[in-house]
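Me: Please take a close look at one part of this model, the nonpolar core, and describe how that part relates to the rest of the protein.

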Amino acid sequence: MSPPLKNIQPFFVMEILNRAKELERLGKDVIHLEIGEPDFPTPAPVIRKVKECLDQGQIRYTPAAGLPELREAIARYYRERYHLDLSPTRIFVTPGASGAFLLLFGMLVADGDRILLGDPGYPCYANLIRLFGGTATAIPVGPETNFHFTQALFVENWTHDTRGAILASPSNPTGTIVSRETLADLLRFSERRGGFFIADEIYHGLEYAAHSPTALEFTDEVFVVNSFSKYFGMTGWRVGWAVVPDTFVEHAERMAQNLFISAPLPSQQAALAALSQECREELDQRCRSFAERRDFLVAGLIQLGFAVPALPQGAFYVYAECSAFTVDSSEFAKRILEQAGVAITPGKDFGAHHPERYLRFSFTATIPRMGEALTRLQTFLAQDRSARAR
Ligand SMILES: Cc1ncc(COP(=O)(O)O)c(C=O)c1O
């Protein structure tokens, strides 16, 4: 095994998913609240457009940075949504946000570099940083800071060998949004230290109170990642984008050529259609459904005795504390799947900061299905309580 490969952790949620699939093959009904994937289908206008393109044989390479008309449409999206003028030359279309991370970490991380990330957080960051020879320094964050970095945490943890930081807002697994003031402070701090800052904005558009600010509102010297997977609901199309500072455009072009030549053309056409006004109205309606689901699930979990220390402000996750029931959320999640047929993700997928206390519930199922999940959990908890009392 190559040395970097030794540092790559699997997704533990896959264990849950595989077992859930096995139970389904055996005829058991499983309610899926474990996966970070919207349950809505790709909007119909997107499918129509891609069918047309396929019929015309549009299945070739594109320029490495992406279809020019898609890069322009993304720039327009920034104008409409954030009132920002962004040059399309700074936008790189990638195979999902995951492709954007490869592009950015490939440009920015060298052997021995220390990169700061929040714990709990999205697990791929640390694995990819290690793949490029860097050290991922996980900083514990909790409800007291809305599960985000603060400037004080940067001051405390930014050492001479720190090269940068990455932050997702709204966050996975907590759905919390970093405040405008804190984001501005963090950007100023990393710029003063000559470090890079990557803002993972993949859950933008799925917000239930105030909109998340984009890091690009504060500075052009920032790397922003986004994707068509979440708000646009197009996980399997594998298309996302990165915005880079002007001085990195040429490097990014070279990296993109070598890493993936181009994102798939049918997916880029799909992305272009998804940015149309017609689709956006449907997507915003979906966002309102997610808001209703969030309120339903949070209230139901609290009623059952879970704690929700930070209300999700965006994304589609509830990071619920289960210490009232167990000291080991992984074992608990496995038992819930086996006995109640409800699949959820244990905290251990998101880091080492008290993962045993937390479970992540995705509200990517309908309200009736989540209602059924809550009923099953109630029965499970009652049985568990009486088994423990015996
Ligand atoms: C915070 C975060 N960033 C990036 C990704 C990867 O997204 P994509 O499907 O665009 O590669 C995910 C997927 O769950 C995520 O939660």
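Reply: A nonpolar core is here a set of buried Ala, Val, Leu, Ile, Met, Phe, Trp, Tyr and Cys residues joined through C-beta atoms within 7 Å, where a residue is buried if 20 or more other C-beta atoms lie within 10 Å of its own, exposed if 12 or fewer, and partly exposed in between, with C-beta atoms placed from the backbone. The model is predicted, and local features need pLDDT of at least 70, side-chain atom pairs count only at pLDDT 80 or more, and totals for chains, interfaces and linings use all residues. Residues are numbered from 1 along each chain as its sequence is written.

The largest nonpolar core has 110 residues, and those with the most contacts inside it are Phe-92, Phe-197, Ala-242, Val-342 and Phe-361. Helix 5 supplies the largest share of this core, with 8 residues; helices (H or I, at least four residues) and strands (E, at least two) are DSSP runs, numbered from the N terminus. The core also draws at least three residues from each of domain 1 (3–41 + 279–380) and domain 2 (60–276), the bounds of which come from an automatic or database domain assignment.

Leaving aside neighbours within four places in sequence, Phe-92 is in contact with Ala-65, Gly-66, Leu-103, Trp-241, Ala-242, Val-244, Ala-252 and Ala-256.

Between the two domains, 33 residues of domain 1 are in contact with 35 residues of domain 2. On the side of domain 1 that touches domain 2, helix 11 gives the most, with 8 residues, and by class that side has 19 nonpolar, 8 polar and 6 charged residues; Ala, Val, Leu, Ile, Met, Phe, Trp, Tyr, Cys and Pro count as nonpolar, Asp, Glu, Lys and Arg as charged, and the others, Gly among them, as polar.

Of the 13 residues around the ligand, Gly-96, Ala-97, Ser-98, Ser-227 and Ser-229 come nearest, a residue being near a molecule or strand if its C-beta atom, placed from the backbone, lies within 6 Å of it. By class, this shell has 4 nonpolar, 8 polar and 1 charged residues.

For the protein as a whole, buried residues make up 46% of the 390 residues.

Note on methods: Two residues are in contact if their C-beta atoms, placed from the backbone, lie within 7 Å.
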